[in-house]
Amino acid sequence: MPDALSARRLSRRGLLAAGGAATLATLLAACGTGDAPKPATGNGGGPWSFTDDRGRKVEAPARPTRVVAFTGVAAALIDFGLDKQLVGVFGETKRADGTADPQAGDLNVEGVEILGNVWGEFSLEKYAALRPELLVTHMYDPDALWYVPDESKDKILPLAPSVAVTTARVPMTKPIERYAALAESLGADLSAKKVTDAKARFDAAAEAVRQAVKANPGIKVMACSGSPDLFYVSNPKVSTDLMYFAELGVDIVVPTKLEAGDYFEALSWESAGKFPADLILLDNRSTALQAKDLTAKPTWQQLPAVKANQVSAWDAVPRFSYAGSAPLLENLATAIRNAKKVS
């Protein structure tokens, strides 16, 4: 789901200090804001094209070899077999202690340029210096490029072609398939054992969820995020992973008074018990309060699922690859299998 908490709590920051304006102007002039990327050499192919989920056919004289992507996208493309093509990322990549954010997956966070590590950060200067040939990110709403700041997108997007993949209002398998197709177009071998093994694990995990639901019927699941002032209940009719979980038979709470975009219902903490649930999936991102942070909220402590210790971590922005998503399904299957009816 889109980062409602980030949108509400994090102010978008200025990307460049005034002192860097001259340097940026030089870099932009060198890149040529209206020019197509120069053909990469030695990639063994001719003209390249890919039609993204905006319906736009993105074309280049040769297969792009300098790709910049949202961190979770980069990690998914690596899962499908890309590697050195990824030169830059944006979005949560490193934790405060310098270790890789879980979203980064198998991405070598020391081997790429990090253009921004939080919502609203995207260094245009660093981006231009990378000589990008392709920009890739999620698209939760039409034409809205995830983590590409609105206030600077008109300077960012002319520097390289961009690909957007829909990550809302479709089941999770759809963006996984789309990122697989993109990776293949960029040179990944989807028949490689690493990829086929991950697909087999994903399929087995999906079946494990189906069987867990059959073995333990009636378990009501609620996916949510916590902030200091509000409790967000996510909508399985919009969130792509929750939509897929529902397809597998999981009974997920559907909020009734939705905010703009229909992604969630925002409840006051006094109303946190509005929807009965036996199992809670709690947003595990750094932008959301975690279970240990919520102990000071009396209404959280009173939720039947919390009392029963039936709270499981939820990757609200999953890694859209078979390798990235299989563990989510495995954990969900285990949580449902072990849950008791408490609501």
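Which residues of α6 are buried? They are Pro175, Ile176, Arg178, Tyr179, Ala180, Leu182, Ala183 and Ser185. The helix belongs to a predicted model of a protein with eleven helices and 13 strands.

**Overall make-up**

- Of the 343 residues in the protein, 52% are buried.
- The protein exposes about 14,800 Å², and carbon and sulfur atoms supply 51% of that area.
- Among contacts with a separation of 6 or more, 73% involve residues 24 or more positions apart.

**Helix α6**

- Helix α6 comprises the 13 residues 173-185.
- At 1.5 Å a residue, α6 should span 18 Å, and this agrees with its end C-alpha atoms, which are 18 Å apart.
- Gly187 follows α6 and has a positive phi, near 115°.

**The open sheet**

- Five strands form an open sheet in the order β5-β4-β3-β6-β7, with parallel pairing.
- The edges are held by β5 (113-116) and β7 (162-166); each has a single partner strand, so one side of each is left without a neighbour in the sheet.
- From one strand to the next, the twist averages 25°.
- Strand β3 (residues 67-70) and strand β4 (residues 86-90) run parallel and are joined by four bridges; Ala69 has Val89 in β4 as its bridge partner.
- Helix α3 (residues 71-79) packs on the sheet and touches β3, β4 and β6 (134-139), its direction making about 115° with that of β3.
- Helix α6 also packs on the sheet, where it touches β6 and β7; the direction of α6 makes about 155° with that of β7.

**Aromatic residues**

- The structure holds 16 aromatic pairs.
- One of them joins Trp146 and Tyr147, whose ring centres are 5.0 Å apart; the pair is edge-to-face because the planes stand at 65°, above the cut-off of 60 degrees.
- Both partners are buried: Trp146 has 6% relative accessibility, and Tyr147 has a relative accessible area of 5%.
- Phe231 and Trp269 form a tilted pair, with 5.0 Å from centre to centre and 45° between the planes.
- Phe231 lies in strand β9 (residues 230-234) and Trp269 in the loop between β11 (264-268) and β12 (279-283), so this pair ties together parts that are 38 residues apart in sequence.
- Phe231 counts as buried at 0% relative accessibility, and Trp269 is buried with a relative accessible area of 6%.
- One aromatic cluster is formed by Phe70, Phe90, Trp119, Phe122, Tyr127, Tyr140, Trp146, Tyr147 and Tyr263.

Terms used:
Residues numbered from 1 in each chain as written. Predicted model: local features only at pLDDT ≥ 70, side-chain atom pairs only at ≥ 80, totals over all residues. Heavy atoms only, no water. Helix = DSSP H or I, 4+ residues; strand = E, 2+ residues; numbered from the N terminus. Buried < 20%, exposed > 50% of the residue type's maximum accessible area, 1.4 Å probe, protein only. Contact = heavy atoms within 4.5 Å. Areas by Shrake-Rupley, 256 points an atom, 1.4 Å probe, with all protein chains shown as cover. Expected span 1.5 Å × (residues − 1). Pairing = 2+ DSSP bridges. Axes fitted to C-alpha atoms, helices over the stretch in contact; angles between N-to-C directions. Phe/Tyr/Trp six-rings, centres within 6.5 Å; stacked < 30°, edge-to-face > 60°.
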